[in-house]
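Have the viewer open as you read.

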Amino acid sequence: MQRPVLGSLLLSSTDPERLRTWYATALDPSDNTEANGYRVLKFGDFYLFIDTRQDIADKNPEPGRVILNFDVPDARAVAARMEQAGTQWLADLEDRDGSLFATAIDPDGNYVQIIELSEEHRQASS
């Protein structure tokens, strides 16, 4: 039996266009399209769907419950790009034993972490 693969995540927003614009500007997806009314951003093999719902608030009341982690090749460049997009930071870019981490807050209050693992940490985790 083939095992399940996590291939996408749906983010609901009261302002899905604003959210899509932020993700597209801040993180530069390889694809930015629409399908069946969803805004679809592709990051590697993973799809981020953005839609709207009537049963949600403007801001996420518990943003630490789910954190979107983006592996990036150059955390300093991505952080600079995010700064240009007007990003608010929960945790500024920091070096953790050679790997770089930062946690941003998207326009809906969700936490978005960028991670650049050092070669040493990559080898240790494989």
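## Helix over sheet

Helix 1 (residues 16–27) lies across strand 1, strand 2, strand 3 and strand 4, and runs at about 15° to strand 3. Contact here is heavy atoms within 4.5 Å. Axes are lines fitted to C-alpha atoms, for helices over the stretch in contact, with angles from 0 to 180 degrees between N-to-C directions. Helices (H or I, at least four residues) and strands (E, at least two) are DSSP runs, numbered from the N terminus.

This is a predicted model, where local features need pLDDT of at least 70 and side-chain atom pairs count only at pLDDT 80 or more, while totals for chains, interfaces and linings use all residues. Residues are numbered from 1 along each chain as its sequence is written, and side-chain values use heavy atoms, with hydrogens and water left out.

The 4 strands make an open sheet in the order 1-4-3-2, with mixed pairing; two strands pair if DSSP finds at least two bridges between them. At the edges sit strand 1 (8–12) and strand 2 (31–35), each pairing on one side only. On average, neighbouring strands of this sheet are turned by 25° against each other, direction ignored.

Strand 1 and strand 4 (residues 46–51) run parallel and are joined by 5 bridges. Leu-10 stands opposite Phe-49 in strand 4.

## Aromatic pairs

There are 4 aromatic pairs in the structure. Phe-43 and Phe-70 form one that is edge-to-face, at 4.9 Å centre to centre with 80° between the planes. That pair links distant parts of the chain: Phe-43 belongs to strand 3 (residues 38–43) and Phe-70 to strand 5 (residues 67–71), 27 residues apart. As for the cut-offs, rings of Phe, Tyr and Trp (its six-membered ring) pair if their centres lie within 6.5 Å; planes under 30 degrees apart count as stacked, over 60 as edge-to-face and the rest as tilted.

Are these two rings, Phe-43 and Phe-70, buried or exposed? Phe-43 is buried at 14% relative accessible area, and Phe-70 is buried at 12%. Buried means under 20%, exposed over 50%, and partly exposed in between (1.4 Å probe, protein chains only).

## A cluster and a charge

Tyr-47 and Phe-49 form a tilted pair, 6.5 Å centre to centre and 45° between the planes. Tyr-47 is partly exposed at 30%, and Phe-49 is partly exposed at 24%. Together with Tyr-38, Tyr-47 and Phe-49 form one aromatic cluster.

Elsewhere, Arg-96 lies over the face of Phe-101, 4.3 Å from the ring centre. The criterion is NZ of Lys or CZ of Arg within 6 Å of the ring centre and within 35 degrees of the ring normal.
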